[in-house]
Amino acid sequence: MRLAFHLFEDNDGELTVSFPAETTKGKRLLEYALSKECTDYISDYLTNIRPEFSQTGETDAVWISEEGQMLTIANIATIFRLRIKEWLGEEHGPHIARKWLRSSASRRSPQAAFETAMVLGHSPMVSLRYYAEATDRQAGRRHAENLSQLRKQTKGMAERLFGEA
């Protein structure tokens, strides 16, 4: 990501992220305003943290290394893998974050699934598929829980009729 090209400030002081269509997997423009909370975090990074790295005046990259060089996709993936392994005890690449976001949103509502699709650059059909899969899993869990409760409630009757299990 580059300052003033992928990340820019609008007239209200909010940050907007923009990826031109030719740079995205789906060949569609991805552009959206960041939330106030996200804007605050990134503004703090840009104002207070990024300038502390050496040579920051030499690059317009948003994310830079401690040496002031642009972080590449490979650098970010390595950092992500190390942090996830440290936090969760198992290694995952950055794509897992997309899966977590997509899955979490799909479990909540169709609207959240569609909004997540916009952020991730998915088509509405992909979102519908994940929402349907999440809904199916939730229904299966509810059914299993109902069966478990019924078994507990009818355990005495079953033992009387069929003997002890």
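So, helix α3 gives the lining of the largest pocket its largest share, six residues. Keep in mind as I go through this that we are looking at a predicted model.

Now, the pocket itself. The largest pocket holds about 1800 Å³ of space, and 43 residues line it. If you want to find its centre on screen, look for Met1, Phe19, Trp63, Ile76 and Arg98, the lining residues that lie nearest to it. Which elements supply at least two residues each to this lining? On the strand side we have β2, residues 15-19, and β3, residues 30-33. On the helix side there are α1 (36-49), α2 (73-88), α3 (95-108) and α4 (110-120). By class, the lining comes to 26 nonpolar residues, with nine polar and eight charged ones.

Let me step back to the whole chain. We have six helices and three strands, and from the N terminus the order is β-β-β-α-α-α-α-α-α. Of the 165 residues in the chain, 23% are buried. As for contacts between residues at least 6 apart in sequence, 26% of them join residues at least 24 apart.

Ala4 sits in the segment before β1, and its phi is near 65°, a positive value in a residue that is not glycine. Is Ala4 buried or exposed? Its relative accessible area is 68%, above the 50% cut-off, so Ala4 is exposed.

His6 is also in the segment before β1, which covers 7-9, but His6 counts as buried, because its relative accessibility is 11% and the cut-off is 20%. What does His6 touch, once we leave out residues up to four places away in sequence? The list is Met1, Thr16, Val17, Ser18, Phe19 and Pro20. Take Val17 from that list: His6 and Val17 are eleven residues apart in sequence, and their C-alpha atoms are 5.5 Å apart in space.

Ser18 is another partner of His6, and Ser18 belongs to strand β2. With a relative accessibility of 8%, Ser18 counts as buried. The side chain of Ser18 makes a polar contact of 2.7 Å with the side chain of Glu31. Beyond its neighbours within four places in sequence, Ser18 is in contact with Phe5, His6 and Phe8, and also with Leu29, Leu30 and Glu31.

Last stop, the loop between β2 and β3, where we find Thr24. Why does Thr24 count as buried? Its relative accessibility is 10%, which is under the 20% cut-off. A polar atom of the Thr24 side chain lies 3.1 Å from the backbone oxygen of Ala21.

Terms used. Residues are numbered from 1 along each chain as its sequence is written. This is a predicted model: local features need pLDDT of at least 70, side-chain atom pairs count only at pLDDT 80 or more; totals for chains, interfaces and linings use all residues. Side-chain values use heavy atoms; hydrogens and water are left out. On a 1 Å grid over the protein atoms alone, a cavity is a set of points where a 1.4 Å probe fits but cannot get out, and a pocket is an open set with protein on both sides within 12 Å along at least five of seven lines; lining residues have an atom within 4 Å of a point. Grid points are joined across faces, edges and corners, and a volume is the space filled by probe spheres set on the points. Helices (H or I, at least four residues) and strands (E, at least two) are DSSP runs, numbered from the N terminus. Ala, Val, Leu, Ile, Met, Phe, Trp, Tyr, Cys and Pro count as nonpolar, Asp, Glu, Lys and Arg as charged, and the others, Gly among them, as polar. Buried means under 20% relative accessible area, exposed over 50%, partly exposed in between (1.4 Å probe, protein chains only). A polar contact is a pair of N or O atoms within 3.5 Å; within protein, one must be able to donate a hydrogen and the other to accept it, and residues adjacent in sequence count only if both atoms are side-chain atoms. Contact means heavy atoms within 4.5 Å.
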